[in-house]
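Please open the model in your viewer and follow the selections below in order.

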Amino acid sequence: MNLVTQIKYLLKKEILLEWRSKYALNGILLYVVSTVFVCYLSFKVTPPTVWNALFWIILLFAAINAIAKSFMQESKGRLLYYYQIASPQAIIIAKIIYNILLMILMATVALVFYSIVFTNDVGDIPLYFLAVILGAISFSTVFTMISAIASKANNNGTLMAILSFPVIIPLLILIIKLSKNAMDGLDRSVSYKEIGVLCAINAIVIVISLLLFPYLWRD
Amino acid sequence: MMYKSWWKILASVLVLYTVVGGLLINVPTLPILHESIRNLYFHVPMWFSMIVIYTVSVVYSIKYLNSSNENHDLVAVESVNVGLIFGFVGLTSGMIWAKFTWGDYWPNDPKLNSAAIATLMYLAYVVLRSSIDEEQKRAKISAIYNIFAYPVMVVLLFVLPRLTDSLHPGNGGNPGFGTYDLDSNMRLVFYPAVIGWILISVWLMTIRYRIRILENKNNQIN
Amino acid sequence: MKKLGSFLIMMLMSVLTFAQDGKVEMADELRSSGKIYVVVTVMLLLFSAFIVYLFTIDKKLKKIEKGK
């Protein structure tokens, strides 16, 4: 089997497993919705900067919770089985793609619900949506690898948070800036720099994950 | 190399020279900074040493993944330990300098924030190591995290501050020290200071590394 | 950002006022009275002590390593 078909099979399996149980999906969606609601009840009205920051904080924690599961859920037997049939690159790419899909779905739902509950005018809605998509992709690329590392080390949630925060903060700074630009409705050419750097970091993170994951996998 | 002493003597001479030269050689007279511009000779080399020693750590982590040689892992850990010391010293010295020139211990400056986050990253590395008991597994997983985090740290320290306004020279429209006030007199002290402190940081790392090696030998005999 | 902006403006203004005076206060008296050499000596002593200490640790390590 070549890499692409392997990835396709693994991705199909992830989605099928998720579709059957719907546990993670429903759990995460409910998590996001209830967090948004809690924030609404405690803030009621927010100034734009807080609105933006709050949204990303909600997404950040939801993403950590969602993606932390991606390796911890797998049983030892199943991992051994993957080890025999697929290459490590295929596994990490499949996981990253699956997490990207999951995060985009989650972020979109969160954004829609958030903007219904909290009224706030966003100047440039397509650009804001692009920022959300880019954010979802960044979260999944970084957290997938970190969750693989954390799952090898005692599997606890605190470790996942400690390891991932310093790595995600630079990305988060850029994303928040980009989405703030979108909220203020600034000219799009202002944001090109941020988008470029974000894409570059994501590319670097994916390449490094591909290079490092085989070492992590071999055990 | 590690056991040679010529570079240790060179490091001492350079550092001692910068103490004398840094205090005595004329500096440009600038408002706000006044004499405190001399801090440049002592505060900035801390960052250079920190970055160099973290780079050494990553190089040895990569070497470890290829060789599974335990000693390479020891170099990587001890480099991080020394780098953390330099990071903390750099942060606190910067905070003191900032208080008297910019008015706040923690002015909202991207370089400061970046440096603090980079320090957090390596603290996380230390926590990760302490969470795994099995030695080879610990070495491998921490090496992987180290390599994974390093490029993000590079982006954090070198790219992000250039995207935003910064109080530090050389960022966001602020002219760099190089353009007008790092005159030839200052270069004469600044570059030796950087080289001297980098060598000192490597020296500290080798001392810690050798202690670790001895400890390991002792444990094996018992 | 706003804070930073106003800060930069303030810095610029102080630069301008200083430029008007045409004089930046440096520790000239410390230098002319020669007291600066006291500071240099003390710092030199501290740093040399630090370095000598490092060398002794280095030497001790070498001894232990040879002893094995």
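How many helices and strands does chain A have? Chain A has 8 helices and 0 strands, where helices (H or I, at least four residues) and strands (E, at least two) are DSSP runs numbered from the N terminus. The model is predicted, so local features need pLDDT of at least 70 and side-chain atom pairs count only at pLDDT 80 or more, while totals for chains, interfaces and linings use all residues. Residues are numbered from 1 along each chain as its sequence is written, and chains are lettered from A and ligands numbered from 1 in the order in which they are written.

Keep chain A selected. Its C-alpha trace spans about 55 × 35 × 30 Å along the principal axes. Of its 219 residues, 39% count as buried (20 or more other C-beta atoms within 10 Å of the residue's own, with C-beta atoms placed from the backbone).

Next, select the contact between the chains, which takes 21 residues from chain A and 23 residues from chain B; two residues are in contact if their C-beta atoms, placed from the backbone, lie within 7 Å. On the side of chain A that touches chain B, helix H6 (125-152), helix H7 (157-184) and helix H8 (192-217) each supply at least two residues.

Finally, select chain B. Chain B contains 6 helices and 0 strands. Its C-alpha trace extends about 60 × 40 × 25 Å along the principal axes, and buried residues make up 41% of its 222 residues.

Technical notes
A residue is buried if 20 or more other C-beta atoms lie within 10 Å of its own, exposed if 12 or fewer, and partly exposed in between; C-beta atoms are placed from the backbone.
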